[in-house]
Amino acid sequence: MINRVLIRLKIIQIVYAYYQNGSKNLDSAEKELFFSLSKAYDLYNYLLMLMVALTTYAQKRIDAAKAKLAPTAEELYPNMKFVENKFVSQLEVNKQLLDFAANQKRSWTNDEDFIKGLYEKIISSDIYKEYMASPDKSYETDRELWRKLYKAFIFNNEALDTLLEDQSLYWNDDKEIVDTFVLKTIKRFEEKNGANQTLLPEFKDEEDQEFARRLFRRAILNCDYYRHLISENTRNWDLDRVAFMDVIIMQCALAEILSFPNIPVSVSLNEYVEIAKVYSTIKSGSFVNGTLDGIVNQLKKEGKLAKN
């Protein structure tokens, strides 16, 4: 599940903290990197559990309405389509998700006010109303409902972002990327797999895990050389005047460009320029792009960089 976009972002954060905190213990910083990545995987599982929590809350509302002294006919005989959604029923018994909940001791139980507010928005939506009115009771329709609801109400949700940030500092910048993996997981679910449906793995393969370790170590260990290159290509600037985050982003970018022959230069450049646009200053994207482009051209002329 953890892709290279997230790996690059986490490495920049940990490298930045490595210098800011004055800690020079590389092994400890590397452990912090992989712990941070593991927390992103926790968030993935936790967001999957949110769909189950919303359904559980809906069932509680139905039960409470039936228990009234004088329930209406609609309350006695409610439309059960939402709470009996086949996709969520499968997700609820998923073995991997149950293991996560048991091992991490995580649940949405203490966030009922948030769950209630989100549920109210869902049941007021056209997506929900059309689903409940439709006679189609197929697994595919049930799964598609949650793909739509997730995109509409969970993907960009400021209240949820705040709630998650309060729970873990590691989740500050993860949700937008992790959301894409949750949506991918919903699409991958198949009814025939039942409780054994596999979730996305923490790392796609050992190669990605090694990519994270190697990139992080190269960025730190070859720091002096990378900063020398940056300084040479920002001669009109005193390096101390360059935004520190820009320096870190370019340091990591050069570590990738010079350490991974199979990754095209254009791919690395694009990734780090996009990170600069989001996580540094307004002008950082163009500044980082121009500086790295100059360094790449210099290295090619000197015969120190052979790839395109």
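This is a predicted model: local features need pLDDT of at least 70, side-chain atom pairs count only at pLDDT 80 or more; totals for chains, interfaces and linings use all residues.
Where in the fold is the place of Asp-179?

**View 1. The whole chain, for orientation.** The protein has 15 helices and zero strands. Its C-alpha trace spans about 80 × 35 × 35 Å along the principal axes. Of its 308 residues, 47% count as buried. Take the contacts with a separation of 6 or more, and 81% of them link residues 24 or more positions apart.

View 2. Asp-179 has its place in helix 10, which covers residues 175–188. Is Asp-179 buried or exposed? Its relative accessibility is 0%, and the cut-off for buried is under 20%, so Asp-179 counts as buried. Leaving aside residues up to four places away in sequence, Asp-179 touches Leu-47, Tyr-150, Ile-154 and Phe-155.

**View 3. Helix 1 against helix 2.** Two packed helices are described by the angle between their axes and the distance between the axes. Here, helix 1 (residues 4–20) and helix 2 (residues 26–66) pack at about 140°, and their axes are 10 Å apart. That angle makes helix 1 oblique to helix 2. The crossing of helix 1 past helix 2 is right-handed. On the helix 1 side, the contact is made by Leu-6, Ile-7, Lys-10, Ile-11, Ile-14 and Tyr-18. Helix 2 answers with Leu-26, Ala-29, Glu-32, Leu-33, Ser-36, Leu-37 and Ala-40. Sort the residues of this contact by class and you get ten nonpolar, one polar and two charged.

**View 4. Helix 2 again, this time with helix 6.** What angle do the axes of helix 2 and helix 6 cross at? Roughly 80°, with the axes of helix 2 and helix 6 (residues 112–123) coming within 10 Å. Angles of 65 to 115 degrees count as roughly perpendicular, so that is the label for helix 2 and helix 6. From helix 2, the contact takes in Leu-50, Ala-53, Leu-54, Tyr-57, Ala-58, Lys-60 and Arg-61. From helix 6 come Glu-112, Phe-114, Ile-115, Lys-116, Leu-118, Tyr-119, Glu-120, Ile-122 and Ile-123. The class tally for helix 2 with helix 6 is eleven nonpolar, no polar and five charged residues.

**View 5. Lys-105, a backbone angle to check.** Lys-105 sits in the loop between helix 5 (95–104) and helix 6. Most residues other than glycine have a negative phi. Lys-105 has a phi near 50°, a positive value in a residue other than glycine. Lys-105 is also exposed, at a relative accessible area of 73%.

**View 6. Lys-204 in its loop.** Look for Lys-204 in the loop between helix 10 and helix 11 (206–221). Lys-204 counts as exposed, with 60% relative accessibility.

**View 7. Asn-233 and what it touches.** Asn-233 has its place in the loop between helix 12 (223–232) and helix 13. With 26% relative accessibility, Asn-233 counts as partly exposed. Which residues does Asn-233 touch, not counting those up to four places away in sequence? They are Thr-291, Gly-294, Ile-295 and Gln-298. Asn-233 and Gln-298 are 65 residues apart along the chain, and 9.1 Å separates their C-alpha atoms.

**View 8. Helix 13 beside helix 14.** Helix 13 (residues 244–259) packs with helix 14 (residues 265–279) at an angle of about 165°, and the axes are 10 Å apart. That makes helix 13 roughly antiparallel to helix 14. Helix 13 and helix 14 have a right-handed crossing. Met-245, Ile-249, Cys-252, Ala-253, Glu-256 and Ile-257 are the residues helix 13 brings to the meeting. Across from them, helix 14 has Val-265, Ser-268, Leu-269, Tyr-272, Ile-275, Ala-276 and Tyr-279. By class, the contact of helix 13 with helix 14 counts eleven nonpolar, one polar and one charged.

How values were computed
Residues are numbered from 1 along each chain as its sequence is written. Side-chain values use heavy atoms; hydrogens and water are left out. Axes are lines fitted to C-alpha atoms, for helices over the stretch in contact, and angles run from 0 to 180 degrees between N-to-C directions. Helices (H or I, at least four residues) and strands (E, at least two) are DSSP runs, numbered from the N terminus. Angles under 35 degrees count as roughly parallel, over 145 as roughly antiparallel, 65 to 115 as roughly perpendicular and the rest as oblique. A crossing is left-handed if the near helix is turned anticlockwise from the far one by less than a right angle, and right-handed if clockwise. Contact means heavy atoms within 4.5 Å. Ala, Val, Leu, Ile, Met, Phe, Trp, Tyr, Cys and Pro count as nonpolar, Asp, Glu, Lys and Arg as charged, and the others, Gly among them, as polar. Buried means under 20% relative accessible area, exposed over 50%, partly exposed in between (1.4 Å probe, protein chains only).
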